[in-house]
Amino acid sequence: MRTLTRVECDEQLAALLWRAGSGWRMISSAVLGGGIGERSWVLNAQVSHGYSRTDPDAHLARLAQEAGARGPGVGLMTAADVLRYGRGDDDGVEAVVTAGLGVHGWAATPAPGTPLPPAPGTINIIAALPTALTDAALVNAATTATEAKVQALLDSGYDCSGTPTDAVCVAARIPRPGEEPQSFAGPRSLWGARLARAVHAAVCAAVEPVRGGSRTSAAAMADPRRRDSVPRQQQP
């Protein structure tokens with residue numbers, strides 16, 4: 001993950017760039033390179049809190065080009081400080097998360113939606129699995145990553161499911177000749193479980209815990225390898 005800096009409107013801003021190279025398929029909700037397809041890089045760019053451009057995809061494409069990224073890629077935006085990212089890894093699965101929780105809440109609320117483009121995302125998840133996944137499993141992986149994010153927020157003491165503009169990008173290898181891609185990536189599948197733990201750890205590392213909130217992970221409670229690190233009074 002390469003760190004980039006730039007100056008826009010007299011403000012110094014940062015970005016994270018992962019040059020994955022060839023051999024990767026990604027699923028993403030990003031404004032640039034979203035959907036499912038072969039992608040060779042991921043850019044997570046910080047923008048100002050008052051960001052008002054109506055062409056974020058073109059903006060991200062220009063930033064990626066200036067950074068030397070070539071070919072199709074994924075571009076995400078956030079008003080959070082991307083230099084304060086969190087990382088997590090579990091048996092070959094890696095995750096990087098940037099997080100800002102200035103505006104957060106629950107997904108299902110009585111408030112009406114809006115047709116206007118959303119502001120830059122504030123919790124961005126980037127994860128990579130060193131295995132091949134079917135299209136359905138990629139969708140499953142994005143869901144698993146989102147579930148792990150919510151679990152991490154609750155474990156960190158937040159009463160929310162995220163922010164209105166969170167984004168996710170999950171990368172998996174393109175199948176090699178003769179290789180059967182994995183069909184499942186739910187939280188109890190082999191690779192989905194690893195993805196969930198990696199994302200959970202990265203979110204916990206990226207967010208500022210609520211004072212008095214619990215940082216005890218439900219994943220740790222369920223994992224016999226980690227139970228010794230859980231205070232006895234919190235064990236079932």
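Four strands form an open sheet in the order S1-S2-S5-S6, with mixed pairing; strands count as paired if DSSP finds at least two bridges between them. S1 (2-8) and S6 (74-78) sit at the edges with a single partner strand each, so one side of each has no neighbour in the sheet. On average, neighbouring strands here are turned by 20° against each other, direction ignored. Strands (E, at least two residues) and helices (H or I, at least four) are DSSP runs, numbered from the N terminus.

This is a predicted model, where local features need pLDDT of at least 70, side-chain atom pairs count only at pLDDT 80 or more, and totals for chains, interfaces and linings use all residues. Residues are numbered from 1 along each chain as its sequence is written, and side-chain values use heavy atoms, leaving out hydrogens and water.

Arg6 stands opposite Leu13 in S2.

Now look at H1 (residues 56-66): this helix lies across S1, S5 (41-46) and S6, at about 110° to S5. Axes are lines fitted to C-alpha atoms, for helices over the stretch in contact, and angles run from 0 to 180 degrees between N-to-C directions.

Further along, H2 (residues 135-155) packs against H3 (residues 190-206) at about 40°, their axes 8 Å apart. That makes H2 oblique to H3 (under 35 degrees is roughly parallel, over 145 roughly antiparallel, 65 to 115 roughly perpendicular, and the rest oblique).

Definitions and conventions. Contact means heavy atoms within 4.5 Å.
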